[in-house]
Amino acid sequence: MTLVQQSSATSGGSGSGNLYDVLELILDRGLVIDAFVRVSLVGIEILKIDARIVVASVDTYLRFAEACNRLDLESGRKAPSQLTDLVGDMTENGAKGKSKGALTGAVEAVTESLQGKKDDSGQEEEAPRKRPARKSSSSRQSAQRSEG
Amino acid sequence: MSTYVYALTGAGQPLPLEELRGVGEPAAALRTVRGRELMAVVSDAPDRLRAKRRDVSAHQEVVEALMRETAVLPMRFGLVAPDDEQLSASLIERESAYQQRLEEIAGHAEYNLKASRDEEDLLREILRDSEPARQLNERIRTGQGTHEDRVALGELVSGEVAARHRAAAERVENALSSCAAEAFLGEGAEGHFMNTSFLVPKEREALFHQTVRTTADEAGEAYTFTLTGPLPPYSFV
């Protein structure tokens with residue numbers, strides 16, 4: 001088995017390395033006071049909808065069928081790809097990339113787009129770039145448009 | 001000036017607010033707004049606040065730092081009160097409910113456990129166990145399968161995947177429920193068959209960790225578990 005233990009989402013000197021794993025907690029749970037408004041979560045809302053893409057549909061069925069067809073049944077159980085390991089305080093999610101397939105393919109792009117955002121904002125924090133408003137308005141994603 | 005709210009806690013206790021950085025750019029200074037028995041940790045709300053990674057991260061860091069000092073009710077990211085006066089009034093109006101929850105979560109932390117299983121391993125198990133799935137798979141592999149066969153195989157396998165994931169999640173949750181005060185079942189995504197938050201009392205944290213490790217050991221090579229915590233009790237407020 002693989003057990004990844006993360007002491008918290010923001011510790012370990014890695015900035016927000018594990019934020020992705022608790023994003024839904026921070027955005028979806030937590031206390032709200034009904035009378036007050038929440039800021040717009042444009043971009044993030046899209047992210048969450050995409051992450052729930054695993055629906056029962058013909059497309060999903062066909063992906064499963066294909067994955068079954070591809071299996072090499074003769075070779076029996078696949079040899080363990082790695083030894084049992086226990087990782088403490090990882091800054092990267094050990095599960096990423098380990099379990100790609102029909103189940104995860106659909107949301108892969110979403111994960112990557114968020115990680116891309118992480119890199120971007122990491123750069124921002126270390127070395128804020130002063131971009132003229134004209135230039136930054138071209139092709140960035142909506143979540144980044146509010147810079148400046 | 002509207003007021004961004006991070007967390008609620010008991011009034012009058014010293015908190016290391018000057019060491020923390022709030023949302024916005026430049027980062028807003030933190031202060032408190034007092035009700036009667038409760039206070040809120042807040043900052044001025046930046047103009048045009050959006051859910052950017054930097055701000056979500058700042059929110060989380062503030063709440064985590066507060067949690068290390070005292071029991072707090074963490075707010076959901078992005079909650080903005082029109083001004084301090086209305087926030088204060090709101091704290092007083094709902095004081096008993098908030099206070100009760102603060103007492104209940106005192107000495108507890110949230111742990112989020114996600115679990116996934118290698119997909120090939122699961123599909124192999126299904127094909128081993130299900131005669132109809134094996135037959136359909138064989139027909140398609142030998143070139144005799146129709147589109148309907150492929151859909152039928154996928155539907156059958158998809159149902160098996162869901163059922164086996166549910167069963168696996170229940171096994172893990174049952175094993176851990178005795179070490180936790182409460183559990184919150186989240187939606188699985190990204191191939192996780194389980195995404196559950198547990199509210200764990202401090203005195204059972206060691207036992208909880210031990211049980212997670214034992215459960216992961218027993219599950220075998222094909223499984224990956226990601227345990228995150230201690231976290232502010234977002235799922236239990």
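H108(B) sits in strand β6 of chain B, residues 108-117. Strands here are DSSP runs of E, at least two residues long, and helices are runs of H or I of at least four, numbered from the N terminus. Before going on: this is a predicted model, where local features need pLDDT of at least 70, side-chain atom pairs count only at pLDDT 80 or more, and totals for chains, interfaces and linings use all residues. Residues are numbered from 1 along each chain as its sequence is written, and chains are lettered from A and ligands numbered from 1 in the order in which they are written.

Is H108(B) buried or exposed? H108(B) counts as buried, because 21 C-beta neighbours lie inside 10 Å. The cut-off for buried is 20 or more other C-beta atoms within 10 Å, with C-beta atoms placed from the backbone.

What does H108(B) touch, beyond its neighbours within four places in sequence? The contacts are A181(B), L199(B), V200(B), P201(B) and P233(B). Contact means C-beta atoms, placed from the backbone, within 7 Å. L199(B) is 91 residues from H108(B) in sequence, yet their C-alpha atoms are 6.2 Å apart.

Now the domains. Chain B has domain 1, residues 3-106, and domain 2, residues 109-236; the bounds come from an automatic or database domain assignment. Their C-alpha centres are 35 Å apart. Domain 1 of chain B gives 6 residues to the contact and domain 2 of chain B gives 5. On the domain 1 side, helix α1 of chain B, residues 53-69, supplies the largest share, 3 residues.

Lastly, the whole chain. Chain B has 7 helices and 9 strands, and its C-alpha trace spans about 70 × 40 × 30 Å along the principal axes. Of its 237 residues, 49% count as buried.

Note on methods:
Two residues are in contact if their C-beta atoms, placed from the backbone, lie within 7 Å. A residue is buried if 20 or more other C-beta atoms lie within 10 Å of its own, exposed if 12 or fewer, and partly exposed in between; C-beta atoms are placed from the backbone.
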